[in-house]
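Morning, everyone. I was asked to talk through some side-chain pairings, and I will keep it short.

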Amino acid sequence: MTANDAAGPTLLPAAAMAGRNDPADRILATAYDLFTRRGIRGVGVNELINSSGVSKATFYRHFPSKDALVLAVLELRDQVWTVDLIVAEARRRGNTAEDQLLAVFDVFGDWFLRKDFEACTFINVLLEMGPGHPLGKASIGYLSGIRGHIQALAEEAGLNRPQEFARSWHILMKGSIISATEGDFLASKRAHQMARWLIEHHRNL
């Protein structure tokens with residue numbers, strides 16, 4: 001996904017909702033945009049209904065609660081961000097598993113410079129709702145899934161202690177996102193350098 005993939009003012013890439021324009025899809029696309037920009041508590045059901053152009057009955061027929069809609073947004077975010085942007089693009093850019101790991105931060109570097117850079121929804125929801133809330137727990141699950149992708153690459157690269165490696169690597173990923181949100185758009189380059197050290201460390205354990 002590139003900076004030009006977003007359709008109009010929405011944060012969703014155009015391909016994510018191509019051919020999907022039924023009421024449930026409109027609600028989901030609207031919610032994705034509003035929740036990402038303003039958080040969960042900052043957006044009410046009435047605004048979601050009005051912005052989606054659906055009736056209240058239609059809204060609740062597809063999403064029986066606001067939390068159910070948030071869970072659907074998190075699932076979509078995982079596909080759009082984790083799978084389509086981070087994992088697929090990193091694999092496309094690297095010829096080896098090690099190259100693909102390092103390419104994660106190259107992808108981040110492009111992402112951090114986009115005008116629609118929106119940080120990590122999973123981190124945002126976790127911090128907003130807390131780890132004990134069902135939405136916080138769902139976010140923890142998706143973050144764990146990201147580590148799973150990293151661990152798989154570490155195993156392909158033949159690194160020692162791949163699960164431990166994935167946790168350390170994920171700290172670099174999350175830290176660079178927060179730093180970019182603060183305004184440090186070189187965060188990906190700093191993380192890339194530390195990532196090389198981490199790979200070397202896990203080769204020599």
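I will take salt bridges, then aromatic rings, then a serine. This is a predicted model, so local features need pLDDT of at least 70, side-chain atom pairs count only at pLDDT 80 or more, and totals for chains, interfaces and linings use all residues. Residues are numbered from 1 along each chain as its sequence is written, and side-chain values use heavy atoms, with hydrogens and water left out.

Salt bridges, then. Side chains of opposite charge can pair when their charged atoms come close. The rule here: a side-chain nitrogen of Lys or Arg within 4 Å of a carboxyl oxygen of Asp or Glu. How many salt bridges does a search of the whole structure find? It finds 11.

Take R77 and E118. They form a salt bridge, and their closest N and O atoms are 2.7 Å apart. This pair links distant parts of the chain, 41 residues apart. R77 sits in helix 4 (residues 66-93), while E118 is in the loop between helix 5 (97-112) and helix 6 (121-129). A word on helices: they are DSSP runs of H or I, at least four residues, numbered from the N terminus. Are R77 and E118 buried or exposed? Both are buried. Buried means under 20% relative accessible area, exposed means over 50%, and partly exposed is in between, using a 1.4 Å probe and protein chains only.

Now R92 and E89. Their salt bridge has its closest N and O atoms 2.6 Å apart. Both residues lie in helix 4, 3 residues apart, about one turn of the helix. R92 is exposed because its relative accessible area is 59%. E89 has 11%, so E89 is buried. The pair also belongs to a network of salt bridges that links E89, R92, R93 and D110.

One more: R161 with E164. Here the closest N and O atoms are 3.9 Å apart. E164 has a relative accessible area of 39%, so it is partly exposed.

On to the rings. A pair of aromatic rings is described by the distance of the centres and the angle of the planes. Rings of Phe, Tyr and Trp (its six-membered ring) pair if their centres lie within 6.5 Å; planes under 30 degrees apart are stacked, over 60 edge-to-face, and the rest tilted. A search of the whole structure gives 14 aromatic pairs.

Look at F59 and F63. The ring centres are 6.3 Å apart and the planes are at 50°, so this pair is tilted. F59 is buried, at 0% relative accessible area. F63 is buried too, at 9%.

Why is the pair of F108 and F112 called tilted? Because the planes are at 50°; the centres are 5.4 Å apart. Both lie in helix 5, 4 residues apart, about one turn of the helix. F108 counts as buried at 0% relative accessibility, and F112 at 1%. Ring pairs also place both in a cluster with W81, F105, W111, F117, F122, Y142, F165 and W169.

Last, the serine. S52 lies in helix 2 (residues 45-52). Its relative accessible area is 6%, so S52 is buried. What does S52 touch, not counting residues up to four places away in sequence? It touches R26, I27 and T30, where contact means heavy atoms within 4.5 Å. The side chains of S52 and T30 are joined by a polar contact of 3.5 Å. A polar contact is a pair of N or O atoms within 3.5 Å; within protein, one must be able to donate a hydrogen and the other to accept it, and residues adjacent in sequence count only if both atoms are side-chain atoms.

Terms used:
Helix = DSSP H or I, 4+ residues; strand = E, 2+ residues; numbered from the N terminus.
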